[in-house]
Amino acid sequence: MGAGIAEVFARAGLRVIGVEADEAALSRGRGHLEGSTGRAVARGRMTAEEQAALLGRIAFTTSRDDLAGADLVVEAIPEVMEFKRGLFADLDRICKPSAVLATNTSSLSVTAIAATTSRPAQVIGMHFFNPAPVMRLVEVVRTVVTEDGLPDEIAGLARRLGKTPVTVGDRAGFVVNRLLLSYLNHACALLETGLASRDDIDAAMRLGVGLPMGPFTLLDLIGLDTSYEVCEVLFRESRERRHAPAPILRELVTAGLLGRKTGRGFHSHDRDAPETAGEPGGRPEISLVGLVGGGPDAATVLEALEAAGFKAAVAEPGDLTPVAEADVVVALSDTPVVELAVRLPRPERLVGLHLVGERVAEVAATVVTSREAAETVRDLVRMIGRTPVRCGDRAGFVVNALLYPYLNDAVRMLEAGYASAADIDAAMRLGCGYPAGPFEMLDAIGIERVRDGLRALYAEYREPSFAPAPLLDQLVTAGVPGIRAHVG
Ligand code: 3HC
């Protein structure tokens, strides 16, 4: 991340001194910079001369003393408070009195870091996102003792770097990591419960919701050690069990599988590793497909099945007689379907189906669904041009179980007065490349649907934070059509 931040400053024409702990780390950092700018040259985004000039603006050293003349220092060392305190005490001694000391901490208290210096008013958070040259957000974190005017000055600098600043107070995880890591940790927890596989969860969120990466790919990008530490900090502040780092994170971190930076985390990042072969999808050997449910999704599936030459029988959930003899019964639903299955003469033939966006369909197997029925429905899903996501028959399946609590957390953050809806939306779009911010998503999905989905999740998992935020509940009760129009 340090190399990425150095690149951002150098790209904007500023001179940078890159300090690393030792020669090996320094040469890795230099390698990152050469690789990243080299890619830009190869893609025609930069000329070789511009690359040389950019790299020429960066001096590499292992001596902190070389920072004596710097106007601004941005710290990006591992997320261990003891290391940060030691470094800031050193920087305070080395740097000129007017220098501003910034931390790129992901979630640690900027106030606590500032307190280790004799210039706490000149210490500020300047939080970049991975990969720093690409992600457009910078969270500017002010503390209660930050000098007046400094946040604006740093925000102005962020703009000069081509970034969009969002200024926030010093709370664990700030805006983005507080929302993002809660969601990523929740994805780990769902994986651990066996609800769905790593790849199915990744596909559901990437293809279904349109996020640039699935949660496990993103955890690998952030680094599992950093992710673990952020969750730990969130937990220390909130004392909520869901923020406690998922055990699988600890296991992987202990094994040294930290994600991209070590070549393996949830995924293997070895370029030579063979790609896993896609599952073969044949045409299912069935003569009659039963379809339960109405609405536009049922019409879409029916049309696609008939276009593919399958005979279909349709039933409403209240009367399943028309589908009793079908070879496989597809129940279109965004809630668990086992109660439908047990009303059929052959419950093992029923599979839940939930269309998500334009590209994904969640295929929910109940505890009695046969392997053949689940495979048949996955093949049917592929035939209608969607990616099947296999999952258990639990409230919210995969997508809503992950998305709705994240949206609820955003409403709670707004309710707590930590940031405005517009800032939270901008932070998630620019910091994580999300296609829309949480409030934009709430309005697109409909606040009542999200509130009801959260109620169902709460009823199933009994996780207190899944209970709809009072603000969300009240806006639905008041009948307001959208959240953004109401909260401004
Ligand atoms: N360094 C520099 N540039 C990079 C890069 C890197 N590591 N990775 C990708 N890029 C550039 C590419 O060169 C390309 O540039 P171009 O458009 O000028 O040619 C551009 O980014 C797009 O790259 P690709 O086409 O190779 O790949 P994708 O389109 O898949 O995009 C991605 C890659 C930008 C990483 C995208 O997947 C994404 O936005 N992912 C989400 C990342 C995210 O959520 N980050 C925030 C994490 S939280 C955090 O960092 C906070 C911390 O405190 C934990």
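A residue is called buried when its relative accessible area is under 20%, exposed when over 50%, and partly exposed in between (1.4 Å probe, protein chains only). Helices (H or I, at least four residues) and strands (E, at least two) are DSSP runs, numbered from the N terminus. The structure is a predicted model, in which local features need pLDDT of at least 70 and side-chain atom pairs count only at pLDDT 80 or more, while totals for chains, interfaces and linings use all residues. Residues are numbered from 1 along each chain as its sequence is written, and side-chain values use heavy atoms, with hydrogens and water left out.

Two strands count as paired if DSSP finds at least two bridges between them. Strand β4 (residues 100-103) joins β5 in the parallel sense through three bridges, with Leu-101 bridged to Val-123. Strand β6 (residues 137-142) pairs with β5 in the antiparallel sense, also over three bridges, and here Val-141 stands opposite Gly-125.

Next comes the nonpolar interior. A nonpolar core is a set of buried Ala, Val, Leu, Ile, Met, Phe, Trp, Tyr and Cys residues joined through side-chain atoms within 4.5 Å. The largest such core has 105 residues, and Leu-180 and Phe-266 have the most contacts inside it. Helix α15 (residues 399-415) gives the most to this core, with eleven residues. Apart from it lies another core of 28 residues, among them Ala-6, Ile-124, Val-140 and Ala-158. Contact here means heavy atoms within 4.5 Å; leaving aside residues up to four places away in sequence, Phe-266 touches residues including Cys-188, Phe-216, Ile-248 and Leu-252.

The UniProt record, an unreviewed entry, annotates residues 1-170 and 297-393 as "domain: 3-hydroxyacyl-CoA dehydrogenase NAD binding". Residues 1-170 are 41% helix and 19% strand, with end C-alpha atoms 21 Å apart. Residues 297-393 are 29% helix and 30% strand, and their end C-alpha atoms lie 19 Å apart.

Finally, Thr-387 belongs to strand β13 (residues 387-392). Thr-387 counts as partly exposed because its relative accessibility is 30%. Its C-alpha atom is separated by 9.3 Å from that of Asp-200, 187 residues apart along the chain.

Technical notes: UniProt positions renumbered as here; feature names shortened; annotations may be inferred.
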